[in-house]
Amino acid sequence: MLDMAKDMGFALYSAFLVLSYAFTRFVTERTDFHLRAKGFWIHHWIIASVAMVVLITLQNDDPWIWGIVTGIALEGLSRKKWSLIDKENR
């Protein structure tokens, strides 16, 4: 079973990317939670990017984990407002 999962790495990555993108879109459309600090807006794509750096540092290559963090990052970057500068609270 583990060999099959390893052989299906790209398929798992793709499936989790789509699922996490859709789930992130679902959550962000229904919540109004924002991390803001002194003129900067900490978006979920930034948090996902930091998670990617941690995963690289830890040499983690699990396709489902990478699919999740990639889906979260891409969903954030696909929005109109993804800038680091918070113009509303400067």
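The accessible surface of the chain comes to about 6,800 Å², and 68% of this area belongs to carbon and sulfur atoms; accessible areas are computed by the Shrake-Rupley method with a 1.4 Å probe, and for residues only the protein chains shown count as cover. The model is a predicted one, in which local features need pLDDT of at least 70 and side-chain atom pairs count only at pLDDT 80 or more, whereas totals for chains, interfaces and linings use all residues. Residues are numbered from 1 along each chain as its sequence is written, and side-chain values use heavy atoms, with hydrogens and water left out. Of the 90 residues of the chain, 24% count as buried, where buried means under 20% relative accessible area, exposed means over 50%, and partly exposed lies in between (1.4 Å probe, protein chains only).

The chain has 4 helices and 2 strands, and along the sequence these elements follow the pattern α-α-β-β-α-α. Helices (H or I, at least four residues) and strands (E, at least two) are DSSP runs numbered from the N terminus. Among the contacts in the chain with a separation of 6 or more, 74% are accounted for by residues 24 or more positions apart, a contact being heavy atoms within 4.5 Å.

The largest nonpolar core is made up of 7 residues, namely Ala48, Met52, Leu55, Ile65, Trp66, Val69 and Ala73; such a core is a set of buried Ala, Val, Leu, Ile, Met, Phe, Trp, Tyr and Cys residues joined through side-chain atoms within 4.5 Å. Helix H3 (44-57) and helix H4 (63-77) each supply at least two residues of this core, and H4 gives the most, with 4 residues. When residues up to four places away in sequence are not counted, Val69 touches Ala48, Ala51, Met52 and Leu55.

Helix H2 (residues 9-30) contains Thr24, which counts as buried because its relative accessibility is 10%. Leaving aside residues up to four places away in sequence, Thr24 touches His44, Ile72 and Glu75. Glu75 in turn forms a salt bridge with Arg25, and the closest N and O atoms of the two are 2.6 Å apart. Glu75 counts as buried because its relative accessibility is 0%, whereas Arg25, at 30%, counts as partly exposed.

The search of the whole structure also finds 2 aromatic pairs. In one of them, Phe16 and Trp64 are tilted, at 6.2 Å centre to centre and with 55 degrees between the planes. Rings of Phe, Tyr and Trp (its six-membered ring) pair if their centres lie within 6.5 Å, and planes under 30 degrees apart count as stacked, over 60 as edge-to-face and the rest as tilted. This pair also links distant parts of the chain, as Phe16 lies in helix H2 and Trp64 in helix H4, 48 residues apart. Phe16 is partly exposed, with a relative accessible area of 28%, and Trp64 counts as partly exposed at 41% relative accessibility.

Definitions and conventions
A salt bridge is a side-chain nitrogen of Lys or Arg within 4 Å of a carboxyl oxygen of Asp or Glu.
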